[in-house]
There are 2 protein chains.
Amino acid sequence: MTPETIDQLRTPALLVESGVFDHNLATMDKVLPGARLRPHVKAFKSTAIARRLAADGHRGFCAATVAEVEGMVAAGMGDDLLLANETLQAERLGQLSDKAEITVAIDSDQTLDAAISGGVRSVIVDVEVGLPRCGCSVDEAPRLADRARAAGLMVMGVMGYEGHLMMVRDPQDKAAQVEACMATLLSAHERVGGDIVSGGGTGTFAANKWVTEIQAGSYTLMDTDYDKLGLPFQKALTVLTTVISVSKKGWLVVDGGLKAFAMDHGNPSWTDGKVLFCSDEHTTLAMPEGGSYAVGDKIRLFPAHVDPTVAKHQQMWLVEDDQIRDCWDIDLRHW
Amino acid sequence: MTPETIDQLRTPALLVESGVFDHNLATMDKVLPGARLRPHVKAFKSTAIARRLAADGHRGFCAATVAEVEGMVAAGMGDDLLLANETLQAERLGQLSDKAEITVAIDSDQTLDAAISGGVRSVIVDVEVGLPRCGCSVDEAPRLADRARAAGLMVMGVMGYEGHLMMVRDPQDKAAQVEACMATLLSAHERVGGDIVSGGGTGTFAANKWVTEIQAGSYTLMDTDYDKLGLPFQKALTVLTTVISVSKKGWLVVDGGLKAFAMDHGNPSWTDGKVLFCSDEHTTLAMPEGGSYAVGDKIRLFPAHVDPTVAKHQQMWLVEDDQIRDCWDIDLRHW
């Protein structure tokens, strides 16, 4: 039987508040319509959400794993996929060449070799712009592009992720730092060519005015960490839990913990009070002053980091308050 | 094709080093043979490991979720299962009554009512012994036991989890604190009755001499957090990753991150050098002095917390160095 209200759900369960989700998508569409946004499926890992974004006019997507690309192709959304990450498993992408248009990031001879031998037809040169992670130097970029073209591959352009700037609070400071990073990326682009300059994320979607497309996904669902930035998006994602124990000593316990919440940005948050600590399958909350919570009550907690929280669950329930409107499989998990 | 060596695995991948795993099981068996240990499946979430423990003589298991109990019954290991946690979904347990012997923890009238109406035949009274989580007071325990018996349920005894003492370093200090907690549990047991006094964990497996059975699971795989305690168990679990990018600026990047490692106890650890930070699908490592890592190299990282790390993966690969001996499904995930 399909559940109609959240009381009928097994907990812990991921909820997406429908009105907030719609608000987030509409808000982003005003700033970055159509191809200006390349939604990043790593944030929500669900082809149901991708399908909604495609219907809204965002036809190109990016991904962080080969499995996400495979899942998007299987769901019929392979028109323009960018694996915005390096991989040595490029043959898995090459096997999809007849069904999809897939571009993969490269930043070294080895990752380019993997793309060539794996049968990938299209690459983008990933340039390091300040985040100590993937990406080649500006000087390396044209050599890799030349090698790719010599091997018969299409070079779509460049990408560079200013991930270290996502959480910069001051808008002017952020704008200046993003500009400096993107100057690096644009100087690489001059030497690489191609139509695409791809970068950014939810934290710089407005500040990054230099790329041709922004890679963002977390804005759809949001979390307590991004919420600190004063972005125009609101928190749509919660984990629904059930109170399973109440102590007269001043705490209550719900049935979701370390296996239901990503903890890399800290504890989940509770609108009504303080979160004391998480265990594997429990979170202990302080009983609020005058609070009258009882065993069986439902409590929604906001995760501190959307992307790895979503990756722990099998489905999200789209809700309007307590009414269930849809169930979205989280079908882009694992590797 | 079944992979024969770890080079053939898609990364990130969970590895269990066979010799270390065997050592951990043998070491525990010397201290707590047979029914003295009730292995906790929440740590490894795999019926393959449970089957090995059952073959070694541990026939009773405990679990933290209803789904774990259901999975153990489906795998034919339902002879003596304890859901060492409160639940309001007791009807899911009751539906298994003709196939398995299942006891559920209760600490309130509501959780007892759920057990009664859900068709559960056997309960254990969960007593709070110092950890601010589930468990009733000593004074409440006999009343709940009487109510359960009056409703025709078997009361198996008491349980109490001294989880706040797992990480106490000094053995004498730990012994004294565990004794005080267990004095609370034993005073509840006097008033509740039943054959079972259940408690403990990997961190107190040797210090807790007052229970009839220890609930431990992490000792099988171990993590960097438990490893700080000087326990006689060794770290068997690693996440195998592939180097996907190397920077001349002094770092390298592997293809496992926040979605492959539990982060509640901090970053994973690397034997050869320093872990700088984790992103969703990357971990950036400092290039060691004189290090010559290249794109394509395999690197094993030790997770900081076993239980929620295992819960992120679909399978574990049992290995002897680089040779694959077995693949264990992580079939007790989710809720």
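Start by selecting β5 (102-106), α5 (109-117), β6 (122-126), β7 (154-160) and α7 (171-192) of chain B: these are among what covers the buried residues of α6(B). Covering is judged by contact, meaning C-beta atoms, placed from the backbone, within 7 Å. Helices (H or I, at least four residues) and strands (E, at least two) are DSSP runs, numbered from the N terminus. The model is predicted, with local features requiring pLDDT of at least 70 and side-chain atom pairs counted only at pLDDT 80 or more, while totals for chains, interfaces and linings use all residues. Residues are numbered from 1 along each chain as its sequence is written, and chains are lettered from A and ligands numbered from 1 in the order in which they are written.

**Helix α6 of chain B**

Now select residues 141-150 of chain B, which form α6(B). Its buried residues are A141(B), L144(B), A145(B) and A148(B). A residue is buried if 20 or more other C-beta atoms lie within 10 Å of its own, exposed if 12 or fewer, and partly exposed in between; the C-beta atoms are placed from the backbone. Turn the view to look down the axis of α6(B): the buried residues fall within an arc of 100 degrees, so they line one face of the helix. The arc is that of the directions from the helix axis to the C-beta atoms. An α-helix has 3.6 residues a turn, so residues three or four places apart point the same way. After α6(B), go to G152(B), where phi is positive, near 90 degrees.

**Chain A as a whole**

Taken along the principal axes, the C-alpha atoms fill a box of roughly 70 × 45 × 35 Å. Colour by burial, and 54% of the 335 residues of chain A count as buried. Of the contacts in chain A between residues at least 6 apart in sequence, 62% join residues at least 24 apart.

**The two domains of chain A**

Colour 6-13 + 233-329 as domain 1 and 18-220 as domain 2 of chain A. These bounds come from an automatic or database domain assignment. The C-alpha centres of the two domains lie 32 Å apart. Their contact takes 15 residues from domain 1 of chain A and 16 residues from domain 2 of chain A. On the domain 1 side, the elements that give two or more residues are α9, β15 (315-320) and β16 (323-329) of chain A. β15(A) gives the most to this side, with four residues. By class, the domain 1 side has nine nonpolar, one polar and five charged residues. Ala, Val, Leu, Ile, Met, Phe, Trp, Tyr, Cys and Pro count as nonpolar, Asp, Glu, Lys and Arg as charged, and the others, Gly among them, as polar.

**Between the chains**

Show both chains. In the interface, 46 residues of chain A are in contact with 46 residues of chain B. To see the chain A side, select α5 (109-117), β10 (237-247), β11 (251-254), β12 (275-278) and α9 (306-310), the elements of chain A that give two or more residues to it. β10(A) gives the most, with four residues. The residues on this side divide into 17 nonpolar, 17 polar and twelve charged. Because 100% of the interface residues of chain A are also interface residues in chain B, the copies meet through the same surface.

**Backbone stops**

Most residues other than glycine have a negative phi, and most peptide bonds are trans.

- T11(A) and P12(A) are joined by a cis peptide bond, with omega about 0 degrees; P12(A) is in the segment before β1 (13-17) of chain A.
- T11(B) to P12(B) is also a cis peptide bond, with omega near 0 degrees; P12(B) is in the segment before β1 (13-17) of chain B.
- M222(A), in the loop between β9 (213-216) and α8 (224-227) of chain A, has a positive phi near 65 degrees. M222(A) counts as buried, with 23 C-beta neighbours inside 10 Å.
- D321(B), in the loop between β15 (315-320) and β16 (323-329) of chain B, has a positive phi near 55 degrees. D321(B) counts as exposed, with 9 C-beta neighbours inside 10 Å.

Definitions and conventions: Contact = placed C-beta atoms within 7 Å.
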